[in-house]
Amino acid sequence: MRAWLLLREAGIDFEEHRILLDTPDTPAEIAAVSPAGKVPVLQLGDLTVWDTLAIAETIAERWPEKQLWPADAEVRAFARSISAEMHSGFTMLRECMPMNCRAMGRKVPLPDALTDDIDRVIAIWSECHRRFSGDSGWLFGNFSIADAMFAPVVLRFRTYGINLPESAGFYPHRILESEAVQEWLAAAECEVEVIDADEKGT
Ligand SMILES: N[C@@H](CCC(=O)N[C@@H](CS)C(=O)NCC(=O)O)C(=O)O
């Protein structure tokens, strides 16, 4: 979702090639386009870029006029830090609350390590709200790569009914109001495939 959302929200035209996950053909289909054997993959002419953050950096570099990172160097460093933190961490959140945006009202157990991840997300959104968001609702005043990184977390909190304090509650509204996110959710509603491992909660 992250690379897709970044391109769509930035208004950059692209052709989407959907690869179904968790099928017998998945590894070969991904291997045909990605040396890392994972999606997402961006193909820019002859150039192949893989891994979400590398794709995001490449898009930001190719389309500087889209201002996909904050202009101020210190704010940009903060935005990069929380984006990298999201990219490399939050293992409990990933494991216990899999991305399943068609599902709603799911309840999962909340062990301490998962609550720690949720609290850290809340702390990040609250700090952005206090320091950078202004009235925009985006983490840094305009849509940025950081928003693409955190949008799937909003969808996970929505699926598993995670309540947020007022300081962080602004953010799901902004993400869910995005036309691009609405398009993503509408497309998900049309899908029929189910990944058993991602069907968590009751
Ligand atoms: N760090 C990578 C993680 C990529 C990743 O885990 N992709 C999963 C889908 S979300 C994948 O390709 N799964 C297919 C497979 O492992 O067969 C990124 O964000 O680009």
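At what angle do helix H7 and helix H8 pack? The angle is about 105 degrees, and the axes of H7 (residues 145-159) and H8 (residues 166-177) are 10 Å apart. That makes H7 roughly perpendicular to H8, a label for angles of 65 to 115 degrees.

Before you read on, please note that this is a predicted model, in which local features need pLDDT of at least 70 and side-chain atom pairs count only at pLDDT 80 or more, while totals for chains, interfaces and linings use all residues. Residues are numbered from 1 along each chain as its sequence is written, and side-chain values use heavy atoms, with hydrogens and water left out.

**The helix pair**

- On the H7 side, Ala146, Asp147, Phe150, Ala151, Val154, Leu155 and Arg158 take part in the contact, meaning heavy atoms within 4.5 Å.
- Their partners in H8 are Tyr171, Pro172, Ile175 and Leu176.
- The residues of this contact between H7 and H8 comprise nine nonpolar, no polar and two charged.

**The ligand and its surroundings**

- Around the ligand you will find Leu21, Ile30, Lys38, Val39, Pro40, Asp51, Thr52 and His87, each with a heavy atom within 4 Å of it.
- This shell divides into four nonpolar, two polar and two charged residues.

- An oxygen atom of the ligand lies 2.8 Å from a backbone N or O atom of Val39.
- In the side chain of Asp51, an N or O atom is 3.1 Å from a nitrogen atom of the ligand.
- Thr52 has a polar side-chain atom 2.7 Å from an oxygen atom of the ligand.
- The protein buries 58% of the 510 Å² that the ligand exposes when taken alone.

Definitions and conventions: Axes are lines fitted to C-alpha atoms, for helices over the stretch in contact, and angles run from 0 to 180 degrees between N-to-C directions. Helices (H or I, at least four residues) and strands (E, at least two) are DSSP runs, numbered from the N terminus. Angles under 35 degrees count as roughly parallel, over 145 as roughly antiparallel, 65 to 115 as roughly perpendicular and the rest as oblique. Ala, Val, Leu, Ile, Met, Phe, Trp, Tyr, Cys and Pro count as nonpolar, Asp, Glu, Lys and Arg as charged, and the others, Gly among them, as polar. A polar contact is a pair of N or O atoms within 3.5 Å; within protein, one must be able to donate a hydrogen and the other to accept it, and residues adjacent in sequence count only if both atoms are side-chain atoms. Accessible areas come from the Shrake-Rupley method with a 1.4 Å probe; for residues, only the protein chains shown count as cover.
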